[in-house]
Amino acid sequence: MSKGFKDLEKILEKTMALQTALALLEWDDETLAPEEAGPYTERVIGALSEEYYQIIAGEEMKNSIAACEDEKDLTEVEKAIVKEAKETRAQLVCIPVKEYRDNAQLVTEGIRVWTKSKAENDFGQFVPVLQRLVDYQKRFASYRAKNGEKLYDSMLDLYEKDFNMELLDAFFEELKEVIVPLIREIRDHGKPIEDGFLTGDYPEDRQREAAEYLANYVGFDFKKGVMGISAHPFTTNLHNHDVRITTHYSNRMDSSVFSVIHETGHAIYELGISDELTQTLVGQGASTGMHECQSRFFENIIGRSAAFWVPLYEKLQSIFPEQLKGVSREQFVEAINKAEPGLIRTEADELTYSLHVMIRYEIEKMMIEENLDLTKLPDIWADKYEEYLGIRPANAAEGVLQDIHWSEGCFGYFPSYALGSAFGAQLYYHMKKEMDINGLLENGEIGVIREYLREHIHRFGKRKTSRDILKDITGEDFNPRYYVRYLKEKYSQLYDL
């Protein structure tokens with residue numbers, strides 16, 4: 001290892017320690033922290049964020065990166081770390097330190113105000129802090145934008161490199177042309193599917209038992225991770241030996257089941273990153289889109305398939321003997337795949353889910369590129385739901401206030417959910433050529449599928465972009481037609497169309 005890289009590594013070790021502390025605070029704030037801790041925790045987060053900024057934006061970091069770029073004998077991993085360090089610094093150094101710290105504290109405030117606003121169904125009290133969040137993110141995007149780049153494109157690039165509004169507009173238009181008519185066809189001509197048994201008296205302790213069993217079965221290593229409870233399920237990681245997931249429990253059993261499988265998919269990605277990358281700048285998932293690809297691949301393509309439940313359904317029935325009495329495996333599989341427009345994104349079925357994302361994408365473009373009057377958001381949101389899904393929220397809590405993302409200052413994140421589903425479909429059709437996926441699942445050999453993904457995606461961390469991963473595995477660049485094909489084939493068969 002060269003002296004230049006050793007110096008850079010020492011600097012990055014400090015930033016890693018700060019990020020670890022911030023991740024722990026996020027975990028604690030969402031799971032165990034008392035209600036009144038928020039304002040005081042904000043100060044800690046602000047101080048740690050400012051310290052992180054000072055290291056990344058400092059001259060020592062700048063000089064170490066420059067020294068590494070002159071080195072001739074760096075390994076491929078070291079080159080990747082240097083490249084990521086340079087990009088990370090460029091994204092931060094253009095932002096004044098005071099604004100960076102103020103925004104970090106504002107996000108903590110935003111989450112707290114959003115939580116209260118949602119609970120009280122009062123969008124009005126959220127508007128002022130949301131406006132400040134939007135203003136900060138637009139300002140930061142203007143600092144980062146290059147060569148006349150649009151602000152929202154700059155935001156999108158933070159989450160998914162090489163995807164801009166032009167590409168996403170075409171992607172969502174293709175989905176809209178297929179999914180909206182398919183939803184109407186199912187409504188008018190599809191066979192009825194009974195799913196009432198999924199809702200009822202499902203005791204929390206039994207749901208927890210099912211959650212732990214399924215997480216372990218899919219591949220979550222409880223020696224390297226823990227599972228908690230939060231209002232909005234999420235995954236966070238400190239490194240590949242400490243990955244944490246959360247879930248929630250309600251009277252809708254499949255909500256917990258599939259949130260657990262979803263978050264386990266995220267966790268498997270982080271657990272599969274190679275040891276030489278973990279605790280470095282490239283020791284994380286390639287992008288939010290590829291992360292969603294893995295979580296939604298396990299949740300939907302694998303977890304909602306008939307084959308997945310062949311070795312598992314009797315176990316699920318043993319956990320819920322009264323609730324699932326007389327319900328066949330075939331009936332259960334049809335129920336967990338039922339497509340019916342709903343108001344809540346996180347509860348949406350696989351078919352309608354990307355329309356929820358598309359609505360948020362369209363609104364975000366208006367917020368960022370058109371200076372939208374935020375007080376009009378509830379009506380715009382409701383109008384789009386009525387147009388695309390044929391339903392209208394009765395209030396802000398089940399409408400514009402349902403997601404946490406904007407309170408976190410995350411603008412440009414939502415498209416990753418739909419892109420992840422599309423990435424997963426493209427991988428699925430390629431993997432079917434290389435292995436008998438249904439046969440493996442029926443025999444309980446999900447580990448073979450998991451290992452394939454680890455070998456071709458997970459272990460590389462952030463060394464590759466999503467588009468590079470798709471090209472390397474499938475031989476093709478991103479192609480949304482696989483996703484359209486997957487949805488049409490699955491739901492036409494399910495509903496006998």
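Student: Which residue does Glu455 meet in a salt bridge?

Tutor: A salt bridge is a side-chain nitrogen of Lys or Arg within 4 Å of a carboxyl oxygen of Asp or Glu. This is a predicted model, in which local features need pLDDT of at least 70, side-chain atom pairs count only at pLDDT 80 or more, and totals for chains, interfaces and linings use all residues. Residues are numbered from 1 along each chain as its sequence is written, and side-chain values use heavy atoms, without hydrogens and water. At 3.3 Å from N to O, the partner of Glu455 is Arg459.

Student: Is Glu455 buried, partly exposed or exposed?

Tutor: Buried means under 20% relative accessible area, exposed over 50%, and partly exposed in between (1.4 Å probe, protein chains only). Arg459, at 30%, is partly exposed. Glu455 has 32% relative accessibility, so it counts as partly exposed.

Student: How many residues apart in sequence are the parts that Arg345 and Asp403 tie together?

Tutor: The two residues form a salt bridge, with the closest N and O atoms 3.0 Å apart. Arg345 is buried at 2% relative accessibility, and Asp403 is buried at 8%. Arg345 lies in the loop between α13 (329-336) and α14 (353-369), and Asp403 in the loop between α15 (377-389) and α16 (415-434), so the parts they tie together are apart in sequence by 58 residues.

Student: How many salt bridges does a search of the whole structure find?

Tutor: Some are linked in a network, which joins Asp195, Arg252, Asp254, Lys338 and Glu340. For the whole structure, the search finds 38.

Definitions and conventions
Helices (H or I, at least four residues) and strands (E, at least two) are DSSP runs, numbered from the N terminus.
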